[in-house]
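User: I'd like to go through this one and ask what sits behind each label. Can you take me through it?

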Amino acid sequence: MAVATTDVAVASMALVLIGDDPISAFDSSTTGAIVAENIYDTVVADILTQHPWRFAVKQTDLSHLEATPEALFTDAWQIPTDALLIRRVIVSGSDITYEIYGDKVFANVDETNTVTANYIFRALEQDWPPYFLLAAQLQLASLFSMSVAGKPDMSQDFETKADFALRKA
C-alpha cells in the first residue's frame, strides 16, 4: 500500500475520504483540485505551527544584520527563510528576550554572540510520521466536506476526528 508522500497525494486522500474523486494534480479543473490548490499550504502551515512537532523543528544560528533597530533593541538578526514560527531564541544555551519584526529577530545581543533559533519549518510530506499524516488528511477532509461536498455535518465529524488525531499525536 502506497503512503501519501506528496502534497497532491495528501489532498487526494482527503478528497477520497469525503467521497470525492482523487486528483493527480492541483491544476486540474475539478472542484476538489481547485479547493485543494487554494487551501492546502495554509492548512498544513496551520497544523505544523500548532505544536512543536519534532519532525518539523530546526535549530540554526541566525545571521547578524548591519542595520540596527531604531528603538528598544540594539541588534537585528535574520530569520531563516523556511521558518514558519520561531519557538525560542537562545545565546550560550540560555533563552533571551527578543521581539520579532517582519523577518527579523530584534534583541539586545551584539554580533560577538552566537544567536540560535529553534523554529518550525515546512517539513515535506515524505517526512511526516503516520500520526501527523492522518491528522492532516482529516483536517483537510473537514474543510473539503464544506467547500467541495457542501455537507456541514460531515465537516463537523471530520473536524472532531482531526482534533482527536492531533491530541493523540
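**Salt bridges and strand pairs**

Analyst: Let's start with Arg88, which forms a salt bridge with Asp95, their closest N and O atoms being 2.8 Å apart. Before going on: this is a predicted model, where local features need pLDDT of at least 70, side-chain atom pairs count only at pLDDT 80 or more, and totals for chains, interfaces and linings use all residues. Residues are numbered from 1 along each chain as its sequence is written, and side-chain values use heavy atoms, with hydrogens and water left out.

User: Why is Arg88 with Asp95 called a salt bridge?

Analyst: The term asks for a side-chain nitrogen of Lys or Arg within 4 Å of a carboxyl oxygen of Asp or Glu. Arg88 and Asp95 come to 2.8 Å, so the pair qualifies.

User: What makes Asp95 exposed or buried?

Analyst: Buried means under 20% relative accessible area, exposed over 50%, and partly exposed in between (1.4 Å probe, protein chains only). Asp95 has 52%, so it counts as exposed. Arg88 has 35%, so that residue is partly exposed.

User: How do you know that strand 4 and strand 5 pair?

Analyst: Strands are DSSP runs of E, at least two residues, and helices are runs of H or I, at least four, all numbered from the N terminus. Two strands pair if DSSP finds at least two bridges between them. Strand 4 (residues 83–91) and strand 5 (residues 94–95) have 2 bridges and run antiparallel, so they pass. Ile90 stands opposite Asp95 there. In their hairpin, with 2 residues between the strands, Ser92 takes a positive phi near 50°.

User: Why is Asp41 with Arg122 called a salt bridge?

Analyst: Their closest N and O atoms are 3.9 Å apart, so they fall within the cut-off. The pair links distant parts of the chain, 81 residues apart: Asp41 is in helix 2 (residues 31–49), Arg122 in the loop between strand 8 (115–121) and helix 3 (130–147).

User: Which residues are joined with Arg122 into one network?

Analyst: Glu125 also forms a salt bridge with Arg122, at 2.6 Å. Salt bridges with shared partners join Asp41, Arg122 and Glu125. Glu125 has 7% relative accessible area, so it is buried, while Arg122, at 26%, is partly exposed.
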